[in-house]
Number of protein chains: 2
Amino acid sequence: MDAKVTAGPAAKALLDDLFANGLLFPSGVDGLYGRSGTFEEVIERFEAAVSKLGDVDNAERIHFPPGMARATLEKSGYLKSFPQLAGCVHSFMGGEAEHAQLLAKITAGDDWSELQDATDVCLTPAACYPLYPTVAARGALPEEGKLFDLKSYCFRHEPSQDPARMQLFRMREYVRIGTPEQVQSFRRSWLERGQGLINSLGLPCHVDLANDPFFGRAGKMLANNQRDSGLKFELLIPITSEEKPTACLSFNYHQDHFGSLWKLQFADGTPAHSGCVGFGLERVAIALFKHHGPDPKRWPAAVRKVLWG
Amino acid sequence: MDAKVTAGPAAKALLDDLFANGLLFPSGVDGLYGRSGTFEEVIERFEAAVSKLGDVDNAERIHFPPGMARATLEKSGYLKSFPQLAGCVHSFMGGEAEHAQLLAKITAGDDWSELQDATDVCLTPAACYPLYPTVAARGALPEEGKLFDLKSYCFRHEPSQDPARMQLFRMREYVRIGTPEQVQSFRRSWLERGQGLINSLGLPCHVDLANDPFFGRAGKMLANNQRDSGLKFELLIPITSEEKPTACLSFNYHQDHFGSLWKLQFADGTPAHSGCVGFGLERVAIALFKHHGPDPKRWPAAVRKVLWG
């Protein structure tokens, strides 16, 4: 049984509003919800607005399923930094006798998880994790580097009643792989585009330096280093709190972390740098519903124009 | 480590072709692949063609993430019928000492799965499983019943080198909940529409009675009963074998199985019947690439017209 992350009263009230307005549907598990057709349409229209900004750069689109190879996640270092958030898929691999045990345990309400074994599949924690080995398999990078357009469901094990903190959510990402200059110039352009887009949607926002929630005491040092080196910026929108606004976009510079790890390199053997801009699609949709109301038909005309043209 | 389901040489050759043409990308795990932008566009255009047929019926669209509540999957009976295909999400819930053990095991290449515990999340095995409790929570069904439009990533633990048998794949579904007559009339209409659509795409197909791969010896009886009662039809397209064509659409009549289980009922207390038509989106896309070639720009004009208008 999961430990519950506590959400403040404003977050719980927003979740109840989203349920009451038929935009989200409860599943019995915190952070796991059905979405209405209206909710989906807002996500689709926001994505189209993102694409309109990004299309000029001719990114290569690749789509990955919500699961990735366990070996890739192990090698990526994710389990070193965020073991508490990762999810791995276990399946029943027994015969008829073990199946009888499994059914008896379910009937009795007992834990049957030990009758499952780990598969080779883990859930994807961020859209770009499966990308790096895929690109490395192609051989040396061209001089101009590469740009990718990704979208994936992501899993993070942090059950919460804050609707802006789901366990399964979608992340749209552009990922730039190239020289330090190419990656930093990409990040600068999206810092500007991202703020422009969110402002055009009538949402208050600001950009700040940030750090990831690295695990444990050693993680504090990693977090400080990430912040001091300016590797992560977030675009924050107040959703249920002015003091603790919600990160809806993030702008990350990985230096040569993934380039060295996966031997992503230029023809002369120099490891590539990488960076990404990520859009938390459910978070942006929820920010729009919170600030403009549950019915998109009644949103301000300027906002509707950006989304519906 | 996963046991491998053997795929025939024609299936392996098709997978290699899809890799060589840059339509799918390997992940190191059988049944888990990246998809190219072209592959995604074919899926999107096929879905649009499905919507065009289905839109006349005014279905309510609901979107569920690729995971569902474990309690719902347990209650659904799925683990009784298909325990071997289900996937449950396990996560690390320990402290710093356990984390050190986890990292040591990964470094040594040892199994670290026992350092994880079962979460409340399972992977969705078919798009409609999370729907029934969601609809039941709304109270009595209206006399005319309900129609839903769903799409979800689904997981089935059956690693294989047959590209038409992925572990993570997308299923589009229409689900009809109502009287036996309403559900059977819905199914009849989609049996006709489905064949018409696949024919219009220049793909050979036929419809046949079918049964699900129920587990174990007792499962044989369930399979025979499902077949004898005409509860499941499949639309089959030859992809890598003429003798064993691939089920790309399925047309299912659940009788009152889900209605009774979830107390989905009309105002007078009669349990609802349900049925669904499911479209295996990756399978249809692969059938199109197999029959018409890797470049959609060179597909027959009539096929392009159905998909691109």
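This briefing walks through the sheets, the chain interface, the salt bridges and the cysteines of the structure above. Please keep in mind that this is a predicted model. Chain A and chain B bury about 5,300 Å² between them, and an open sheet of 9 strands takes in strands of both chains. Across all chains there are 32 salt bridges and 0 disulfides.

**The sheet that spans both chains**

- The strand order is S9(A)-S10(A)-S11(A)-S12(A)-S8(A)-S7(A)-S3(A)-S2(B)-S1(B), and the pairing is mixed.
- At the edges stand S9 (206-209) of chain A and S1 (24-26) of chain B; each has a single partner strand, so one side of each is left without a neighbour in the sheet.
- On average, neighbouring strands of this sheet are turned by 25° against each other, direction ignored.
- One parallel pair is S3 (residues 60-63) with S7 (residues 146-155), both of chain A, joined over 2 bridges.
- Within that pair, Glu60(A) has Phe148(A) as its bridge partner in S7(A).

**Helices lying on the sheet strands**

- Helix H2 (residues 37-54) of chain A lies across S7, S8 (168-178) and S12 (273-280) of chain A, and runs at about 10° to S8(A).
- Helix H2 (residues 37-54) of chain B lies across strands from both chains, namely S3 of chain A together with S1 and S2 (33-36) of chain B.
- The angle between H2 of chain B and S2(B) is about 75°.

**A buried strand in chain B**

- Strand S6 (residues 116-123) of chain B has 7 of its 8 residues buried, so the rest of the structure largely encloses it.
- S6(B) runs antiparallel to strand S4 (residues 67-69) of chain B, with 3 bridges joining the two; here Gly67(B) is partnered by Leu123(B).
- S6(B) also runs antiparallel to strand S5 (residues 88-92) of chain B, this time through 4 bridges; here Phe92(B) is partnered by Gln116(B).

**Where the two chains meet**

- The interface brings 65 residues of chain A into contact with 65 residues of chain B.
- Carbon and sulfur atoms give 63% of the area buried between the chains.
- There are 4 salt bridges across this interface.
- Glu96(A) pairs with Arg217(B) in a salt bridge, with the closest N and O atoms 3.5 Å apart.

**Salt bridges around Glu47(A)**

- Glu47(A) is buried, at 11% relative accessible area.
- Lys151(A) forms a salt bridge with Glu47(A), with 2.6 Å between the closest N and O atoms.
- Because Lys151(A) sits in strand S7 and Glu47(A) in helix H2 of chain A, this pair ties together parts that are 104 residues apart in sequence.
- Lys151(A) is partly exposed, at 31% relative accessibility.
- Arg172(A) also forms a salt bridge with Glu47(A), with the closest N and O atoms 2.8 Å apart.
- This second pair links strand S8 to helix H2 of chain A, with its two residues 125 residues apart.
- Both Arg172(A) and Glu47(A) are buried.

**Other charged residues to look at**

- In chain B, Arg165(B) and Glu158(B) meet in a salt bridge at 3.0 Å, N to O.
- Arg165(B) is partly exposed at 30% relative accessibility, whereas Glu158(B) is buried at 16%.
- Salt bridges with shared partners join Arg35(A), Glu40(A), Arg170(A) and Glu282(A) into one network.
- Glu181(A) lies in helix H7 (residues 180-200) of chain A and is exposed, at 57% relative accessibility.
- Glu181(A) and His273(A) are 92 residues apart in sequence, and their C-alpha atoms are 9.0 Å apart in space.

- Cys276(A) is buried, at 6% relative accessibility.
- For the sulfur of Cys154(B), the closest cysteine sulfur is in Cys128(B) at 8.7 Å, again too far for a bond.
- Cys154(B) is buried too, at 0% relative accessibility.

Technical notes. Residues numbered from 1 in each chain as written. Chains lettered and ligands numbered in written order. Predicted model: local features only at pLDDT ≥ 70, side-chain atom pairs only at ≥ 80, totals over all residues. Heavy atoms only, no water. Buried < 20%, exposed > 50% of the residue type's maximum accessible area, 1.4 Å probe, protein only. Pairing = 2+ DSSP bridges. Disulfide = S-S within 2.5 Å. Axes fitted to C-alpha atoms, helices over the stretch in contact; angles between N-to-C directions. Contact = heavy atoms within 4.5 Å. Buried area = accessible area lost by both parts, 1.4 Å probe. Salt bridge = Lys/Arg side-chain N within 4 Å of Asp/Glu carboxyl O.
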